[in-house]
Amino acid sequence: MSDTVTLSLRAPLDGGVAGLDVDGVTADRLAGLAEREIAALPVWLDARRAELGDFFSVRGERSDRVRVEGALAQVHGIAAGTTGGEMVIDGDAGRRVAAKMTGGSVEVRGSVADEAGATMGGGTLLVTGNAGDRLGAAVRGAFKGMTGGEIVIGGSAGADVAARARRGLVVVAGNAGRHAARAMIAGTLLVLGRTGAEPGHASKRGTIIAVGGIEIPITYWHACTFRPPHVRLMLTYLRRRYRMAIDDRAADGAYRRYCGDAGDHGRGEILEWAAQ
Amino acid sequence: MKNRGVLIEDTFAEGFTMRAARIVVTATNDKWAQQAALKFTGFATSVIACKCEAAIERSLSPEETPDARPGVSILLFAMDTGSLGKRLSERIGQTVLTCPTTNCFDGLPDSTERAPAGRALRVFGDKFQISKVVGGQRYWRVPVMEGECLLQESFGIEKQAVGGGNFLILAEDADSALAAAEAAVEAIDGLPGVILPFPGGIARSGSKIGARNYQSLIASTNDAYCPTLRLTTASALPEGVNSVLEIVLDGLDRDAISQAMRLGIEAACRPGVRAITAGNYGGHLGPHQFHLRAIMAEGGSAS
């Protein structure tokens, strides 16, 4: 048993391939495997089956603490389906990082491509850089997005963040792209930067907390301006848990509450920080 | 054994196992946190008639509370889990939910047994309530006229809490008894995991189980320690004792009570106090015995 299992990508993938899919290579799975068994795990290069050891050198065994390193931007599905343990991804990663995750923690010291944390059900995904589209959202054709857990993005996120989310918390320290929280069923999206166009479209329930500015859709109506206690709790938690830099005025301040989407059940909400 | 000239009687306080919860109430400032806590802990001196025992454990700084606001930590004790849950729901609902600016959080997050008081109270929101999960804990946003009240869904239960810790201060006069009892309360005040549920931490009407002359009573005056009955009952009072006050303690564990009793007794040993004793029922009431001399010997000040 090792303290950590380290997976090092030997060389950047050829630009001509769509990418290497390592879906299922998770910390909890590696916790029970010897080094050669880890190296023999199936991966997919485009549509061809291969072994993890064909691309990664493996150091360590039987540990639920995993480090993945190298030029990983073309490696997809890292930590997808994680149920426990800790994984640190050192560098930019490809699509579907921590998708379908239900437990444990994944930290990306870089940026991630589309569909990170998609349909996630639990655990924590922390990304120090940016995220692509459909962060924490439903994958194409799925009814529900994330159903639990926490996603914290240190940078900005693309379009459709938290789309169809059913539960869980998505935090974007930078800006969020268009259609944030589209068709949200429940859960919370907190954007400390600017929230993009058409947020909360067709939202049934759920909460968008917009600290850095948002254009309120005409299908939302103003209910009141108040100090929501759960926002203060949430921001305090994020400061303490993730050491996020959050303006005191945002934690202490009042928020304008808008209810919508009028085109749907109308029980969603947008809480817009009233900066003054 | 004497401590600064005060006799420490060779006896023990008898405690019993209770269920306990720690409730953290926060508010926009200390004033409103205290207001809620004072109402919450009202009429909660003894399970004999109040169904629970409760008091403020200590004030909390914003750094110590989940929402970074001033707060108060309360301990609530009851005889069983069901009763504790009911008392929590009643008291949070009537004293925290109603109090301006307050939120209510669990103070025993590591306890696996839970009382779902917030879940019970969410229905006050008449289906307009909203749940949020923060840090793995579920909270209920209950709409109220002021805005919203935030209640944690469930509260941890300590199953091995201890009630009935006590010591009696036997003094030459009422003023001396009160001064000694106040000094004891001050010494205990703020210790973690222990409360003194009686007014100002002091009880003057210590009780015995049942009654000599009223069969229906479950408790009646502790006549052996009433100075006015010295010649009419089997008095336990030494000569020269004219007033007795009792400090009753509930704690999250034995150690919390032992430490508090030691500090309290130490502080109560002052001029005008003749002896310190304790109430027990011969070991028939509960499994916890707090022997006064052993407790004071641990502190090293008694001789």
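In the predicted model, the lining of the largest pocket comprises 13 nonpolar, 18 polar and 15 charged residues. This pocket has a volume of about 1000 Å³. Its lining is made up of 46 residues, and those nearest the pocket centre are A:Arg205, B:Gln129, B:Ile130, B:Ser131 and B:Lys132. Strand β8 of chain B, residues 130–134, provides the largest share of this lining, with five residues.

The second largest pocket has a volume of about 770 Å³. A total of 30 residues line this pocket, with B:Phe16, B:Ile48, B:Ser207, B:Tyr281 and B:Leu285 lying nearest its centre. Five elements of chain B give two or more residues each to the lining: β3 (12–26), α2 (47–50), β12 (158–171), β14 (207–209) and β16 (243–251). Of the lining residues, four come from β12(B), which is the largest share. By class, 15 residues of the lining are nonpolar, 10 are polar and five are charged.

Rolling a probe the size of a water molecule over the atoms shows where empty space is left. The structure contains one cavity of 30 Å³ or more, and the volume of the largest cavity is about 30 Å³. The residues that line this cavity are A:Leu7, A:Val22, A:Val25, A:Leu52, A:Phe56, A:Val68 and A:Ile78. By class, the cavity lining has seven nonpolar residues, no polar residues and no charged residues.

The interface between the two chains was then considered. The size of an interface is often given as the accessible area lost when the parts come together. For chain A and chain B, the area buried between them is about 1600 Å², with 56% of it on carbon and sulfur atoms. On the side of chain A, 35% of the area buried against chain B is supplied by A:Pro229, A:Leu233 and A:Arg240, more than by any other three residues. In terms of contacts, 19 residues of chain A meet 23 residues of chain B.

Polar interactions across the interface were counted as well. Between chain A and chain B, 12 residue pairs are in polar contact, with both residues at pLDDT 80 or more. One salt bridge is found across the interface. In a salt bridge, the side chain of B:Arg141 meets that of A:Glu269, with an N to O distance of 2.5 Å. Helix α3 of chain A, residues 229–242, gives the most to the side of chain A that touches chain B, contributing eight residues. The residues on this side of chain A divide into five nonpolar, six polar and eight charged.

Technical notes: Residues are numbered from 1 along each chain as its sequence is written. Chains are lettered from A and ligands numbered from 1 in the order in which they are written. This is a predicted model: local features need pLDDT of at least 70, side-chain atom pairs count only at pLDDT 80 or more; totals for chains, interfaces and linings use all residues. Side-chain values use heavy atoms; hydrogens and water are left out. Contact means heavy atoms within 4.5 Å. Buried area is the accessible area (1.4 Å probe) that two parts lose on being put together, summed over both. A salt bridge is a side-chain nitrogen of Lys or Arg within 4 Å of a carboxyl oxygen of Asp or Glu. A polar contact is a pair of N or O atoms within 3.5 Å; within protein, one must be able to donate a hydrogen and the other to accept it, and residues adjacent in sequence count only if both atoms are side-chain atoms. Ala, Val, Leu, Ile, Met, Phe, Trp, Tyr, Cys and Pro count as nonpolar, Asp, Glu, Lys and Arg as charged, and the others, Gly among them, as polar. On a 1 Å grid over the protein atoms alone, a cavity is a set of points where a 1.4 Å probe fits but cannot get out, and a pocket is an open set with protein on both sides within 12 Å along at least five of seven lines; lining residues have an atom within 4 Å of a point. Grid points are joined across faces, edges and corners, and a volume is the space filled by probe spheres set on the points.
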